[in-house]
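Please report on the local features of this model.

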Amino acid sequence: MGNAAAFFMRNNYIRRGQVNQEHFDLLEYPFLTMTKFPPRFIIQIGGSISARSVKLLERILNVDEPESRDIWWSEIRMEIRSHARSLNCNAVLGYTELTTICDDVCVLSACGTAAVIDFNSSAGDEDNFSSVQLIHKNVERDKQEDLRGEAIAKEISDGLPFLEYELHRLLVNKLKIKGMNAIFSLKIRITVGEKLLVGVATGTAVYLSCLPTPDLPVLVTGKDSDGKVVADLQEMLSQTVKKNKEIYQIKSDNQAQSTLSDEDSDTEQTPLDISCGNKDCCILEMDDPEDAEVLRLLIQEKIPDGIHVVSTESVPGLEDLEIVKNLQMFTQIYRAKLLPPYDLQKHFVRLLQSIYFKLRRMVPCALCDLQFRIDIPEPDEIQLCVIGMALGLGRKTQIVKSKIVPPKPDEDLIFKLEDCQNQETIQAPISKSNQSSQKYRSNRSPSKYRPQSVKQRHVPGIERHGVDITPLSYVPGGNIEQYLGNINFFFIRETTSIREEGGLSGFIHSFVTEVLAIVRSHATALGGNALVAFFMTECVLNHNLHKNQGQCLINVGGDVVAVAYFKDEA
């Protein structure tokens, strides 16, 4: 429910005056699971923090008693709190907890963003970000198959720091080559299998004008490397970075700093105790001139024109276009054999290319809030699951729109939230403060270089039918009027005729379709016309093709809401 609550808070349904800053600072765990906040609520960002712990389930004497698990999570939360305080931050935003289990080993993970918040702050903020690009990296490490119990737990615990370090190194390298200097909506997921320990990191690369421009990466090789080959690769690297800066229209530090006023520079800020190392250059290590990792960083998969892919709920820096309507929520489940040498990158590329192909007729569109889940159901199999929302992009308008209020459901089933006067009209004319900020902001929209050949634009829908299901915390073209409740379902389906149902793909496709239909029916029964913050946390698929059998378990849920849509008065 965190995303839906964030929407209500952002639109002043939950007013900041109801929360006392002093009381919040006294909380044992000052964690907020929300990802959207009112303007001027966040003063400073400290950085991404995380904590992980490896536990043995066999040491729990009574599985029905939660005391042991509560102690485990308390340790994790205390470590997260310690990390935030070491950065001189008073809150953790976007806090999440995840677990992965293999045999008797359980890996507990928690992460969030350390920040300085103030419920009564009046400091100004501006949108100073440029074009964006989805980035994702994965790292896999082998495990010893003959280890069990405490021995395998120790091996996983010893390997986790190196796995996270490798993920961080790959993310920073890819960020530098893209010419960006920040990552938004970073998600890191650790999966434990019988043979492998896999880590996947996904985020949205962003260029912030208030941060320094990243330096050109430098290749470092051994003494036996061919100097000419290394020089050619360095030149190719320089040209790639230069091309990316031209694509995303990234300015230099001098140009970015010219937009800052002296008055803003004199503003006192809360000091952050962040230990920064040497940032003179970014080094890409090469064991040999044909290092596959460097070449993979240089040769990136091409995203089709007119499609913007991000892991955030909206597209940062999108200026000449705007999100106008929901198009399609998509769920893709991909399963394949995984044999050494392990190369997960090609499976992610194949999965994304399949999504691009299926959504090719919806351009221009934005694929937002991409959520990846990786499982290793068998020692030689990998299962990838991605959920996202395709949103239609249209030209920005400044016309006033009136609301289409849906029929009121039974009053016994709901509670009415107080009306927000700010939502009576949307897409109002740009305010003076925004006009002043537009003077020094360049048009750095991602659409500047892509949809030149795409002439069609989406327009807001006039009529709405059925129930919209979205993983986002909002519905484009509408206003959330009432919250009707949270739903959380576990579905199990078995079959003894998997070949007759179209194989494994047909079986899982029909099952997911039925699950979404049941979810829509429950949302309608509660009087809602939309389901926001949709999630699918579990998708366990077992099959035996020789016996023509298959079983699948899916966990889905979200927040049922009543949405009032808008139409043009003209």
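The report below goes through these topics in turn.

## Basis

This is a predicted model, in which local features need pLDDT of at least 70, side-chain atom pairs count only at pLDDT 80 or more, and totals for chains, interfaces and linings use all residues. Residues are numbered from 1 along each chain as its sequence is written, and side-chain values use heavy atoms, with hydrogens and water left out.

## Helix α5

Helix α5 covers residues 227-247, 21 residues in total. Helices (H or I, at least four residues) and strands (E, at least two) are DSSP runs, numbered from the N terminus. From first C-alpha to last, α5 reaches 30 Å, close to the 30 Å expected at 1.5 Å a residue. The expected span is 1.5 Å times one less than the number of residues.

The buried residues of α5 are Val-230, Leu-233, Leu-237, Ser-238, Thr-240, Val-241 and Asn-244. They cover an arc of only 160° around the axis, which puts them on the same side of α5. The arc is that of the directions from the helix axis to the C-beta atoms. Buried means under 20% relative accessible area, exposed over 50%, and partly exposed in between (1.4 Å probe, protein chains only). The face turned away from the buried side carries the exposed residues Lys-228, Lys-243 and Glu-246. Just after α5, Gln-249 takes a positive phi of about 55°.

## Cysteines

The structure holds 0 disulfides. A disulfide is a pair of cysteine sulfur atoms within 2.5 Å. For Cys-552, the closest cysteine sulfur is in Cys-539, 4.5 Å away, too far for a bond. Cys-552 is buried, at 2% relative accessibility. Cys-89 is also buried, with a value of 8%.

## Second largest pocket

The second largest pocket holds about 800 Å³ of space. Its lining has 25 residues; the closest to the centre are Thr-331, Gln-332, Ile-333, Ile-508 and His-509. On a 1 Å grid over the protein atoms alone, a pocket is an open set of points where a 1.4 Å probe fits, with protein on both sides within 12 Å along at least five of seven lines; lining residues have an atom within 4 Å of a point. Grid points are joined across faces, edges and corners, and the volume is the space filled by probe spheres set on the points.

Elements giving two or more residues to this lining are β11 (321-337), α9 (344-358), α11 (503-525) and β17 (530-544). β11 gives the most, with 10 residues. The lining divides into 13 nonpolar, 7 polar and 5 charged residues. Ala, Val, Leu, Ile, Met, Phe, Trp, Tyr, Cys and Pro count as nonpolar, Asp, Glu, Lys and Arg as charged, and the others, Gly among them, as polar.

## Backbone geometry

A cis peptide bond joins Val-363 and Pro-364, with omega about -5°. Pro-364 sits in the loop between α9 and β12 (365-375).

Asn-88, not a glycine, has a positive phi near 60°. The loop between α3 (67-86) and β3 (91-102) holds Asn-88, which is partly exposed at 37%. Ser-185 has a positive phi of about 55°. Ser-185 lies in strand β6 (residues 182-192) and is partly exposed at 29%.

Lys-154 lies in helix α4 (residues 150-178) and is exposed at 53%. Lys-154 and Val-105 are 49 residues apart in sequence and 9.9 Å apart, C-alpha to C-alpha.

Lys-36 lies in the loop between β1 (31-32) and β2 (42-56) and is partly exposed at 23%. Lys-36 and Ser-473 are 437 residues apart along the chain, with 8.8 Å between their C-alpha atoms.
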